[in-house]
Amino acid sequence: MTEKIGSVLVDFGNVIIAHWLTDITPENFDTIEYNLIPEVPDAFKSLKRLNEQYEGRLLVIYNATNVAEEKIRKWLLYHEFVTYTGIPLNKVVRSKTGRNKAEHIQLVQGVDYPGVVIDDRLEVLNHFIGKVPHLFLFRPQAEEVKLFNCADTLSCVRVVWTWSEIIESFRIS
């Protein structure tokens, strides 16, 4: 896959920030030191390469509460996201349409419809099936897949477990 169709849409939780490497739960979310949650291994360098390959047409979009949004913004600053990825903070946005990120991206200036979507939820990718040529399901959770694998939509996405798998599929050196 070497063509650059549209833009790249990337989820935040469990794709960029590695919640699974911590003991974060809904019950302790308010008290946990969010900035100590690490990045997903190789996420920043991979995002930098994709952002360069797609000439800045990369959007990070997430679904979050107001409290989570504030923590995410602080995490991005603490981890020097812009410095390491080259992605400006105005390209990191909160979805106003919940998990249906397809509707929200049309509201973001300077980002065309994606040719690539990377998310950890099949529920989200289901909104892009038949519309986006390259869908990556990153480190899927079995229960979520079972719940949202309507009409065998799992067969329409590529399941990946690491960022290197994504980068290799683009043949980016």
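With a relative accessibility of 37%, D42 counts as partly exposed, a class that lies between buried (under 20% relative accessible area) and exposed (over 50%), for a 1.4 Å probe and protein chains only. This is a predicted model, in which local features need pLDDT of at least 70 and side-chain atom pairs count only at pLDDT 80 or more, while totals for chains, interfaces and linings use all residues. Residues are numbered from 1 along each chain as its sequence is written, and side-chain values use heavy atoms, with hydrogens and water left out.

D42 sits in the loop between β1 and α1; here helices (H or I, at least four residues) and strands (E, at least two) are DSSP runs, numbered from the N terminus. Most residues other than glycine have a negative phi. D42 is not a glycine, yet its phi is positive, at about 70 degrees. A second case comes just after α1, where E55 takes a positive phi of about 50 degrees. E55 belongs to the loop between α1 and β2 and is exposed, with a relative accessible area of 57%.

Which residues of α1 are buried? They are A43, F44, S46, L47, L50 and N51. These residues lie on the same side of α1 because they cover an arc of only 160 degrees around the axis, the arc being that of the directions from the helix axis to the C-beta atoms. An α-helix has 3.6 residues a turn, so residues three or four places apart point the same way. The cover over the buried residues of α1 includes β1, β2, α2, α3 (81-85), β4 and α7.

Turning to the sheet, six strands form an open arrangement in the order β3-β2-β1-β4-β5-β6, with parallel pairing; two strands pair if DSSP finds at least two bridges between them. β3 (92-94) and β6 (158-160) are the edge strands, each pairing on one side only. From one strand to the next, the twist averages 25 degrees. Helix α1 packs on this sheet and touches β1, β2 and β4, its direction making about 130 degrees with that of β2. For such values, axes are lines fitted to C-alpha atoms, for helices over the stretch in contact, and angles run from 0 to 180 degrees between N-to-C directions.

Within the sheet, β4 and β5 run parallel and are joined by four bridges. D119 is found in β4, and its bridge partner in β5 is L137. Is D119 buried or exposed? D119 is buried, with a relative accessible area of 2%. Leaving aside residues up to four places away in sequence, D119 touches D11, V15, K101, V124, L125, F136, L137 and F138, where contact means heavy atoms within 4.5 Å. A polar atom of the D119 side chain also lies 3.0 Å from the backbone nitrogen of R121.

The largest nonpolar core has 38 residues; such a core is a set of buried Ala, Val, Leu, Ile, Met, Phe, Trp, Tyr and Cys residues joined through side-chain atoms within 4.5 Å. At least two residues of this core come from each of β1 (7-10), α1 (43-53), β2 (58-62), α2 (66-78), β4 (114-119), β5 (134-138) and α7 (163-170). The residues with the most contacts inside the core are F12, I118 and W163. Among the residues that F12 touches are I17, Y34, V60, I72 and W75. A second, separate core of 15 residues includes V93, V117, F128 and V132.

Conventions: A polar contact is a pair of N or O atoms within 3.5 Å; within protein, one must be able to donate a hydrogen and the other to accept it, and residues adjacent in sequence count only if both atoms are side-chain atoms.
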